Amino acid sequence: FEEQVRHLSEQLNTINKPYVYIDSQVEGANDLAYFGVNAYDSGYIAGKMLCREISADEPIVITHIRFRRNEISTQMRKRESGFLKYLADVGWNHTVEYIEHDPDNEPSTIARLKDIAQKSSGNIGIIVLNSRAYELADFIEKSIDGRLRKQIIIVGFEAIRPNIDAMNRGLVHLL
């Protein structure tokens, strides 16, 4: 909702009303404070965590889960930048793949995952940059066969109840 937040922030600036951001920060705004994690650093740490779960020659998939609009939030962009920076820092030597998971077109996600799995003999690391790792995990659980499902290591963000439940079921590996 970056565009809407920028617009509201500009209106508040115009009437000299102070404001604070919680959980997501918009660069270049005149906020008094921001309360939340550093998205870039959390992406960097997620890279480190995921790379401990898969070997250096296995694929990594960055998954964007479509939600209402095709928008990727500022926080997601920062997480992705931090994640890719970690991969660059450690000299990750395998391709980073992207999947745009559209719940209205699930066969395309299945086809993409199967294509990526054919190039891999081991685990496939998947990072979901927003709070909806559980959606991908639930989709994989109901749509992908056992062998491929066991190859998939999912890292997500946000300790919300659906993600925790997916983690307890062994579908999400790290939050």
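In which sense, parallel or antiparallel, do E3 and E4 pair, and over how many bridges? E3 and E4 pair in the parallel sense, and six bridges join them, where two strands are said to pair if DSSP finds at least two bridges between them. The structure described here is a predicted model, in which local features need pLDDT of at least 70 and side-chain atom pairs count only at pLDDT 80 or more, while totals for chains, interfaces and linings use all residues. Residues are numbered from 1 along each chain as its sequence is written, and side-chain values use heavy atoms, with hydrogens and water left out.

The protein has seven helices and six strands, which are DSSP runs numbered from the N terminus (helices are H or I of at least four residues, strands are E of at least two). Read along the sequence, these elements follow the pattern α-β-β-α-β-α-β-α-β-α-α-β-α. The C-alpha atoms fill a box of roughly 60 × 35 × 25 Å, taken along the principal axes. Of the contacts between residues at least 6 apart in sequence, 68% join residues at least 24 apart, a contact being heavy atoms within 4.5 Å.

Four of the strands form an open sheet in the order E4-E3-E5-E6, with parallel pairing. Strand E4 (96-101) and strand E6 (152-155) stand at the edges, each with a single partner strand, so one side of each is left without a neighbour in the sheet. From one strand to the next, the twist averages 25°, where axes are lines fitted to C-alpha atoms (for helices over the stretch in contact) and angles run from 0 to 180 degrees between N-to-C directions. In general, the strands of a sheet pair through backbone hydrogen bonds, either parallel or antiparallel.

Strand E3 (residues 60-65) pairs with strand E5 (residues 124-128) in the parallel sense over four bridges.

Burial was then examined, with buried meaning under 20% relative accessible area, exposed over 50%, and partly exposed in between (1.4 Å probe, protein chains only). Buried residues make up 40% of the 175 residues in the protein. E3 is mostly covered, with six of its six residues buried: Ile60, Ile62 and His64 point one way from the strand, and Val61, Thr63 and Ile65 point the other way. In E5, five of the five residues are buried, so this strand is largely enclosed by the rest of the structure. Ile124, Ile126 and Val128 point one way from E5, whereas Gly125 and Ile127 point the other way.

Helix H4 (residues 106-118) lies across E3, E4, E5 and E6 and runs at about 165° to E4, while helix H5 (residues 133-143) lies across E3, E4, E5 and E6 and runs at about 160° to E6.
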